[in-house]
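Me: I'm new to reading protein models. Could you walk me through one?

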Amino acid sequence: MIVPPSARSHVEQVWAALLHQKGGARSQNANVTKDGRLIICEWYNTPLVSESGQVIGVASIVDDITERMRTEQALRESEERYALAARGANDGIWDWNLRTGVVYYSPRWKAMLGIPEDEVLTSPNDWFRRVHPDDLSLLRSAITSHLEGATEQLEIEHRVRHSDGSYRWMLCRGLAVRSSDGEATRMAGSITDITARKEAEAQIRYDALHDALTGLPNRTLFLEHVEHSIAIARRDPHYKFAVLVFDVDRFKLINDSLGHVVHDDPGVHPHRHRVPVAPLPLVPALAGQLREAPRTGSGRRRTRTVHRDE
């Protein structure tokens, strides 16, 4: 084998150390083979010393480690790409060794929950004890299902307690690594903070079912409750419910003549007064959504009785 120019300085230093018995027992350097291929060799060197203490030769064993070095380099690059992708995604990483029970939590995982980076977390319970009580059984069930092979990957939304006492919604994803016999030996994944999305979804649902001006349930939510009550009444003859309608004549004139500020004044809206009455299950705002009831000859309006179908 031939030592390429780029490696000669290193090889000369190794030989100098060997001749002076100051090291060089193990070294790595590039070599060129007879057919011109560049390979990486690992040398195990033993100085041969005479009775007078002089080095008279070197016995060496050489091992071609080119493939091993390529594999190690590919692994380092893969780990760098993964770390870069994880930082770019702003997700918290966890890695659970199922054989030892030890869990690795990344610095970002801790930061998302307000946990100091130097705080030692190594147990699954460091995660589970922070999960909202209403979500813990669902999380455990999802993990068990994945480990048993019932699902291709772990994916579940759950709430986790932040160090400030609030709960944050997290999207947890994970994948198990299995042995040749199918047993899960490791599971790794990430958590993504989806609190803002959850709050936006909740606001959309609220806005869809409530009057924007008064904040009261709107017609859609009101009819859902009425239909639900009718369904219960059909199953249970002892169940009773009633619908009360309060109509304020010409209330639209307030908007048209005095504006929304006066319309929204507490003195105008009777439902905003604190009166000692039993709480109502649902008080909707149906302004502008009810048809004009026909008037009788005396000028009074007729009302229809809301009843359940027999």
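Me: Which residues are linked in a network of salt bridges?
Reply: A salt bridge here is a side-chain nitrogen of Lys or Arg within 4 Å of a carboxyl oxygen of Asp or Glu. In this structure, Arg 26, Glu 42, Arg 68 and Glu 72 form such a network. Keep in mind that this is a predicted model: local features need pLDDT of at least 70, side-chain atom pairs count only at pLDDT 80 or more, and totals for chains, interfaces and linings use all residues. Residues are numbered from 1 along each chain as its sequence is written, and side-chain values use heavy atoms, with hydrogens and water left out.

Me: How many salt bridges does the structure hold?
Reply: There are 13. One of them joins Asp 95 to Arg 186, with 2.5 Å between the closest N and O atoms. Asp 95 sits in strand 4 and Arg 186 in strand 8, 91 residues apart, and the pair links distant parts of the chain. Helices (H or I, at least four residues) and strands (E, at least two) are DSSP runs, numbered from the N terminus.

Me: What does the salt bridge between Glu 157 and Lys 198 tie together?
Reply: The side chains of Glu 157 and Lys 198 meet at 2.8 Å, N to O. Glu 157 is in strand 6 and Lys 198 in helix 6 (residues 195–209), so parts 41 residues apart in sequence are tied together.

Me: Is Arg 130 buried or exposed?
Reply: Buried means under 20% relative accessible area, exposed over 50%, and partly exposed in between (1.4 Å probe, protein chains only). Arg 130 has 9% relative accessibility, so Arg 130 counts as buried. Its salt-bridge partner is Glu 119, the closest N and O atoms being 3.9 Å apart. At 31%, Glu 119 is partly exposed.

Me: Which residues touch the most other members of the largest nonpolar core?
Reply: A nonpolar core is a set of buried Ala, Val, Leu, Ile, Met, Phe, Trp, Tyr and Cys residues joined through side-chain atoms within 4.5 Å. Here the largest has 24 residues, and the answer is Trp 94, Trp 109, Trp 127 and Leu 154. The elements giving two or more residues to this core include helix 5 (133–147) and strand 7 (167–178).

Me: What does Trp 127 touch?
Reply: Contact means heavy atoms within 4.5 Å. Leaving aside residues up to four places away in sequence, Trp 127 touches Trp 94, Tyr 105, Trp 109, Leu 139, His 158 and Cys 172. Cys 172 is buried, at 0% relative accessibility.
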